[in-house]
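Subject: Structure for your review

Dear colleague,

Please find below the structure that I am handing over to you.

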Amino acid sequence: MERKEKSLLSRNKILEATGALFAEKGFDATTMQDIMARSGLSKGAIYHHFKSKEEIMQALGDKMFFDNNPFDEIRKRTELNGLQKIRELLKINQTDTKRNDFNMAAIPILKDPRILATAVEANRRVLTPLWLELLEEGKADGSIKTEYAKELSELLPLINFWLMPSIYPAAAEEIQHKFIFIVEVLSKMGLPLMEDDDIKAMAEKFIKDISSK
């Protein structure tokens with residue numbers, strides 16, 4: 001086995017072991033010693049790939065996204081127009097229990113400015129082009145009427161950060177007010193997302209979940 005393959009195998013062992021530990025014990029209760037024991041790798045081998053639990057958490061989030069990319073799934077829905085695809089994408093994201101549980105568990109570590117900056121950059125790099133693709137599709141088929149597709153594609157990946165009380169302290173009522181503000185702004189910009197009752201219900205669940213963190 002080549003060195004690159006061995007390195008990838010070790011990295012995947014760390015991610016698999018840590019993912020299982022986070023699910024069993026939670027982020028805070030999981031130690032690097034636990035990860036060493038579960039993965040069967042030495043401390044040096046783990047730190048060769050990751051400097052901290054926080055970095056492993058980020059890598060797990062990336063892997064979870066790319067292994068089950070909802071944008072890939074929505075591309076196949078050729079019966080939907082651009083706006084319908086975006087609404088369906090929101091439904092898929094909110095009903096993915098495993099991903100949502102992971103995202104909620106990751107909220108506290110975003111208090112670390114370094115971790116937050118890395119997460120924002122990852123969202124900008126990965127999600128912005130994917131959002132832009134859907135927005136442009138909606139413009140082309142007439143379902144989205146906006147002159148701000150590029151700006152919206154940059155804004156959408158940032159909304160979750162703004163709603164997180166660990167970053168912008170806010171009570172549940174204040175988060176609800178923020179959400180109403182976001183819906184109105186997006187609608188004014190030609191992206192009416194909340195005309196669907198299912199999406200409204202999922203938004204309420206999101207606010208309830210995130211307010212408890």
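This is a predicted model: local features need pLDDT of at least 70, side-chain atom pairs count only at pLDDT 80 or more; totals for chains, interfaces and linings use all residues.

Residues are numbered from 1 along each chain as its sequence is written, and side-chain values use heavy atoms, with hydrogens and water left out.

Salt bridges

A salt bridge is taken here as a side-chain nitrogen of Lys or Arg within 4 Å of a carboxyl oxygen of Asp or Glu. By this rule there are nine salt bridges. Exposure is given as relative accessible area: buried is under 20%, exposed is over 50%, and partly exposed lies in between (1.4 Å probe, protein chains only). Helices are DSSP runs of H or I with at least four residues, numbered from the N terminus.

One of the salt bridges joins Arg75 to Glu133, with N and O 2.8 Å apart. This pair links distant parts of the chain, since Arg75 belongs to helix α5 (residues 70-75) and Glu133 to helix α8 (residues 113-141), 58 residues apart. Arg75 is partly exposed at 34%, and Glu133 is partly exposed at 34%. Asp72 joins Arg75 and Glu133 in a network of salt bridges.

Lys150 and Glu154 form a salt bridge with an N to O distance of 2.7 Å. Both lie in helix α9 (residues 149-163), and because they are four residues apart, about one helical turn separates them. In general, an α-helix has 3.6 residues a turn, so residues three or four places apart point the same way. Glu154 is partly exposed, at 37%.

Lys25 and Asp34 also form a salt bridge, their closest N and O atoms being 2.7 Å apart. Lys25 is partly exposed, with a relative accessibility of 40%.

The cavity

A cavity is a set of points, on a 1 Å grid over the protein atoms alone, where a 1.4 Å probe fits but cannot get out; lining residues have an atom within 4 Å of a point. Grid points are joined across faces, edges and corners, and a volume is the space filled by probe spheres set on the points. The whole structure holds one cavity of 30 Å³ or more. The largest cavity has a volume of about 30 Å³, and its lining consists of Phe71, Ile74, Arg75, Leu130, Glu133 and Leu134. Helices α5 and α8 each contribute at least two of the lining residues.

Helix α6

Helix α6 (residues 82-95) has 14 residues and should span 20 Å at 1.5 Å a residue; its end C-alpha atoms are 20 Å apart, which agrees. The expected span is 1.5 Å times one less than the number of residues. Among the buried residues of α6 are Leu83, Lys85, Ile86, Arg87 and Lys91.

Two loop residues

Is Ile107 buried or exposed? Ile107, in the loop between α7 (97-106) and α8, is buried, with a relative accessible area of 2%. Its C-alpha lies 15 Å from that of Ala171, 64 residues apart in sequence.

Arg77 sits in the loop between α5 and α6 and is partly exposed at 28%.

Yours sincerely

Note on methods. On a 1 Å grid over the protein atoms alone, a cavity is a set of points where a 1.4 Å probe fits but cannot get out, and a pocket is an open set with protein on both sides within 12 Å along at least five of seven lines; lining residues have an atom within 4 Å of a point.
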